Amino acid sequence: MGGCLYVVSGPSGAGKSTIIDRVRRRVKGLGFSVSHTTRRPRGAEQDGVEYHFVARGRFEEMIEQGAFVEWARVYEDYYGTSLEEIQSKTSQGLDVIMDLDIQGAAGIRSRIEESVLIFVLPPSRDALASRLRERGTDEPSVVEARMEKAAEEIAFCSRYDYLIVNERLEQAVEEVAAVILAERCRTARSLPGVVSRFPAAGAAQPLPRE
């Protein structure tokens, strides 16, 4: 049985990146998909670590070849997730977790139906606004724009398989980890390994009634 793909979405300031980082340290056998981008590396970013940095022409070739399960143009640069990047990990039985916006998540679900979508929410609108202001990196107008976008994104949260409210970070991390561990225990994923140990488990029988 191949690995499973987990997509985490949520508004800026909800804590997605921190949660994913901590879940990866806690849950064994969990990889991270590295996206492709045409933007230049920033600071100490390395090719193949933070992103696969490619030329615009190469990225557009990959679009034409249908290489991406999702891609988007953000201002002047392209960002996308290649099917090969995901399959290289899941084919080895490794689960993969990704941080994508709602558009990217929709693209993933349309191509990989069995993917698991997780939406991370802030505890409230006021709490999100406070978090964005406390960053101290954006002008008030930018914070307001992020809040407007957050409202648009949250409107789609009901389309996700799981909702995680990040009021306390440690609890949110535990809940995302619990989702992954529960999905690993699903019969469809666990049965092949069980049958190898207990052949009778493969013979479907109706559940006994009292």
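These legends describe close-up views of a predicted model.

**View 1. Helices H1 and H7 pack against each other at an angle of about 55°.** Two packed helices are described by the angle between their axes and the distance between the axes. Here H1 covers residues 16-26 and H7 covers residues 169-184, and their axes lie 9 Å apart. The two helices are therefore oblique to each other, and their crossing is right-handed. On the side of H1, the residues in contact are Thr18, Ile19, Arg22, Val23 and Arg26, and these meet Leu169, Glu170, Ala172, Val173, Glu174, Val176, Ala177 and Ile180 in H7. Sorted by class, this contact is made of eight nonpolar residues, one polar residue and four charged residues.

**View 2. Helices H5 and H6 pack at an angle of about 145°.** The axes of H5, which spans residues 125-135, and of H6 are 10 Å apart, and H5 passes H6 in a right-handed crossing. From H5, the residues Arg125, Leu128, Ala129, Leu132, Arg133 and Arg135 meet Val143, Glu144, Arg146, Met147 and Ala150 in H6. By class, the contact of H5 with H6 holds six nonpolar and five charged residues, with no polar residue.

**View 3. The largest pocket holds about 1,400 Å³ of space.** Rolling a probe the size of a water molecule over the atoms shows where empty space is left. The largest pocket is lined by 39 residues, of which Lys16, Tyr51, Asp99, Asp101 and Lys149 are the closest to its centre. The elements that give two or more residues to this lining are H1, strand E5 (68-74), strand E6 (77-82), strand E7 (95-99) and helix H6 (140-154). Of these, H6 gives the most to the lining of the largest pocket, with six residues. When the lining is divided by class, 14 residues are nonpolar, eleven are polar and 14 are charged.

**View 4. The second largest pocket has a volume of about 350 Å³.** There are 21 residues in the lining of the second largest pocket, and those closest to its centre are Gly3, Cys4, Leu5, Glu114 and Ser115. Helix H3 (83-90) and helix H8 (187-197) each supply at least two residues of this lining, and H3 gives the most, with four residues. By class, the lining of the second largest pocket consists of nine nonpolar, five polar and seven charged residues.

How values were computed. Residues numbered from 1 in each chain as written. Predicted model: local features only at pLDDT ≥ 70, side-chain atom pairs only at ≥ 80, totals over all residues. Heavy atoms only, no water. Axes fitted to C-alpha atoms, helices over the stretch in contact; angles between N-to-C directions. Parallel < 35°, antiparallel > 145°, perpendicular 65-115°, else oblique. Left-handed = near helix turned anticlockwise from the far one by under 90°. Contact = heavy atoms within 4.5 Å. Nonpolar A, V, L, I, M, F, W, Y, C, P; charged D, E, K, R; others polar. 1 Å grid on protein atoms, 1.4 Å probe; cavity = no way out; pocket = protein on both sides within 12 Å on 5 of 7 lines; lining within 4 Å. Points joined across faces, edges and corners; volume = space filled by probe spheres on them.
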